[in-house]
Amino acid sequence: MLDTFDPQNVKSLINGEAVSSQTTSDILSPHTGQPIAKLHHGGADEVEKAVAAAKAAQKAWADTPAVQRGQILHAACNLIEARAEELSKIVAEEAGKPLSAAMGETTGSVMCGRFYAGEGQRLFGRTMPSGAPNKSCMTVRQPCGVAALIAAANTPAPNFAWKVFPALICGNAVVLKPAEDTPLSADWMARALIEAGVPAGVMNVVQGLGQEVGPPLTAHKDVDVISFTGSTRVGREIAGKAGADLKKVSLELGGKNAFIVCDDADIEKAVHWASLSAFSNAGQRCASGSRFIVMDAVYDKFVGAFVAKANSLKAGVGDDCELGPVINERQLNNMLSAIERAKGEGAKVLCGGERIDGDLSGGFYLQATLIEGSPADSHLSTTELFGPVGAIYKVSSFEEAVALANDSPYGLTGTIHTTSWDRAWTFTKELSTGVAVVNAGTFGSEPHMPFGGLRASGNGTREPGTEALDVYTELKDIYLITEPGRL
């Protein structure tokens, strides 16, 4: 399948066949703003064909022993690893990343795939005693059926792995809708899985714009489970419509993550992690740090060092660069508007706040931006911008810091920098998020660990980790009655 991959024309991949469309648009490099390929737009017709292919192929895939499914996924991971540089170059180009960062994401994708391939040997149910004589009780996991997976653009290869591998190991057939800004890597990875032995009808990709593909896919009567990563607004729309049909839904949504700096923190270390949290991957992580809560005793020292660090970051996509572009111009303009709104409300821009010009003016680059003076209930403080923009707040105590961290519509991640074990442990218990970190960044999930959040950050499900198996399987209770007298 990989020998038919066309990097210039990205089409839907349905039942192993590339599907052209009369409607196309340019895929732009975030680095230059110039076209790098054509995207063929799928829509309701392609969704219908993909879901039909998935439904037809799913039972045979589910009947394949889970251990054998795992062996096929292991083979896919070996193939991806053997051609890691090829995939990484695709990710670097379409997502505007340094090649080294793209290579790291490819490695993470392989790690995730191997974790789930191993779960083919551990799709555990339980056996339990009965309260009645001659009766045995157990539970088994069974696949949901057809899985509709909608992925985000920020880390395209890991986002593919987080959804596709657990869905497949559980015996589901997949219809994947990648982000329209990063469709190339999804097409390549889907072809790698099919080449490794995943049946063609089990791995389908419908390319196109979100508004053209998403609604018919999530509303389709033969879709049994939906997994969506993206904005809270769209997540709410999907949940509302899927709820009418009582479809199973997993939502991994936004974050407005707090980074607390205590008066006993190692300031140099805190600044290092603050910069990575706010500005790595151009701030395009749901787990990025965007609210920096600093105790007054170290406020000036930390903020001065943080601003200096932000101003020193080299922009571009070379391996020596620390600040990349955001994914598209619409996203860039949204952030510029949010910064102007914050200034109009009295906030002060400490650094950045403007589009980068000069040699990078054609790309979608925003200066590393830090802002102070925004109220906790302002637009800047309560809206996920998904870019290199951080808001800074001064507090007088640990208790005030934790209270401010929890004063958010989101509840995804948070971190604290302190040398006090008591503060650190109390923080992990009192922070109202799905992830709590001590003395590091707000990001850094691992493939065997569950990730997800509370409130506007998600609906309580988790990916990846073994917890994702709960998304893609249904539990069935089995009761066995024996009659000893008939032996």
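**Exercise 1. State the volume of the second largest pocket and describe its lining.**

Step 1. The second largest pocket has a volume of about 240 Å³. On a 1 Å grid over the protein atoms alone, a pocket is an open set of points with protein on both sides within 12 Å along at least five of seven lines, and lining residues have an atom within 4 Å of a point. A volume is the space filled by probe spheres set on the points, which are joined across faces, edges and corners.

Step 2. This is a predicted model, in which local features need pLDDT of at least 70 and side-chain atom pairs pLDDT 80 or more, while totals for chains, interfaces and linings use all residues. Residues are numbered from 1 along each chain as its sequence is written, and side-chain values use heavy atoms, without hydrogens and water.

Step 3. Of the 13 lining residues, Val435, Gly444, Ser445, Glu446 and Met449 lie nearest the pocket centre.

Step 4. The lining divides into seven nonpolar, five polar and one charged (nonpolar: Ala, Val, Leu, Ile, Met, Phe, Trp, Tyr, Cys, Pro; charged: Asp, Glu, Lys, Arg; polar: the others, Gly among them).

**Exercise 2. Describe the largest cavity.**

Step 1. A cavity is a set of points where a 1.4 Å probe fits but cannot get out. Three cavities of 30 Å³ or more are counted.

Step 2. The largest cavity holds about 80 Å³ of space. Its lining includes Lys256, Arg285, Cys286 and Glu384, and divides into four nonpolar, five polar and three charged residues.

**Exercise 3. Describe the lining of the second largest cavity.**

Step 1. This cavity holds about 60 Å³. Among its lining residues are Pro156, Phe160 and Leu176.

Step 2. Eight lining residues are nonpolar, three polar and none charged.
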